[in-house]
Amino acid sequence: MQRYISLMRLTSKGLAELSDSGARRKVSEDRVAALGGRSVAFYATLGAYDFVQVFEMPDNASMMQYVLTARRDGFVDPLILPAFDSQTYGDIVGRVSPAQ
C-alpha cells in the first residue's frame, strides 16, 4: 500500500464545531477503510498545522477520492504528501544517475 501524510488546518467551520472533532475523526477512519486503506497514526499538533495524519491507501485514486470528500465536508484544509519508507527511497536513489 502507498503511504500518505496529511497536514491539516481547521477551517472556520471546523473551529466552530470543534467539540464534534472526535466523531469526525471516526467518520474519517471509516471512509478510509471503505476505500481499502487505513489510518496509521493521528496527531494534534502545535504550529502551522492543527493535525497530522498518516494513511495507507491502495492507490492515488483512492486517496484523491478521500481528500475530495474531506474537503467537501469543509472542516479541514488538507495538504497531502506522498511518503516513501527508507527502503523505497533507497531504491529510488539507487536508480538516479550520477551527476555529470
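# Reading a predicted model, feature by feature

Guide: Start at the surface. Phe84, Tyr89 and Val93 form a nonpolar patch there, with about 340 Å² of accessible area together. Keep in mind that this is a predicted model.

Visitor: Where is Phe84 found?

Guide: Phe84 is in the loop between β4 (76-83) and α4 (86-95).

Visitor: Is Phe84 buried or exposed?

Guide: Exposed means over 50% relative accessible area. Phe84 counts as exposed because its relative accessibility is 54%.

Visitor: Now the strands. How many residues of β3 are buried?

Guide: Seven of the seven are buried, so β3 is largely enclosed by the rest of the structure. Look at which way the side chains go. Phe51, Gln53, Phe55 and Met57 point one way from β3. Val52, Val54 and Glu56 point the other way. All of these are buried.

Visitor: Which strands pair with β3?

Guide: Strand β1 (residues 2-10) pairs with β3 in the antiparallel sense, over seven bridges. In that pairing, find Arg3, which stands opposite Glu56 in β3. Strand β2 (residues 38-44) also runs antiparallel to β3, and six bridges join the two. Here Ala41 stands opposite Val54 in β3.

Visitor: What do β2 and β3 form?

Guide: They form a hairpin, with six residues between the strands. Check Gly47 in the turn: its phi is positive, about 115°.

Visitor: How do I describe a pair of aromatic rings?

Guide: A search of the whole structure finds two aromatic pairs. Take Phe55 and Tyr66. Their ring centres are 5.2 Å apart and their planes are at 55°, so the pair is tilted. Phe55 lies in strand β3 (residues 51-57) and Tyr66 in helix α3 (residues 60-73), so the pair ties together parts 11 residues apart in sequence.

Visitor: Are Phe55 and Tyr66 buried or exposed?

Guide: Buried means under 20% relative accessible area. Phe55 counts as buried at 1% relative accessibility. Tyr66 counts as buried at 8%.

Visitor: Which side chain meets Arg38 in a salt bridge?

Guide: Glu56 does, at 3.0 Å from N to O. Arg38 lies in strand β2 and Glu56 in strand β3, so the pair ties together parts 18 residues apart in sequence. Compare their cover. Arg38 counts as partly exposed at 43% relative accessibility, while Glu56 counts as buried at 16%.

Visitor: Which residues are linked in a network of salt bridges?

Guide: Arg3, Arg38 and Glu56 are. Recall that Arg3 stands opposite Glu56 in β3.

Visitor: Which side chain meets Asp77 in a salt bridge?

Guide: Arg71 does, at 3.6 Å from N to O. Asp77 is partly exposed, with a relative accessible area of 37%.

Methods
Residues numbered from 1 in each chain as written. Predicted model: local features only at pLDDT ≥ 70, side-chain atom pairs only at ≥ 80, totals over all residues. Heavy atoms only, no water. Patch = residues over 30% accessible without salt bridge, like charges linked within 9 Å, V, L, I, M, F, W, Y side chains within 5 Å. Areas by Shrake-Rupley, 256 points an atom, 1.4 Å probe, with all protein chains shown as cover. Salt bridge = Lys/Arg side-chain N within 4 Å of Asp/Glu carboxyl O. Helix = DSSP H or I, 4+ residues; strand = E, 2+ residues; numbered from the N terminus. Buried < 20%, exposed > 50% of the residue type's maximum accessible area, 1.4 Å probe, protein only. Phe/Tyr/Trp six-rings, centres within 6.5 Å; stacked < 30°, edge-to-face > 60°. Pairing = 2+ DSSP bridges.
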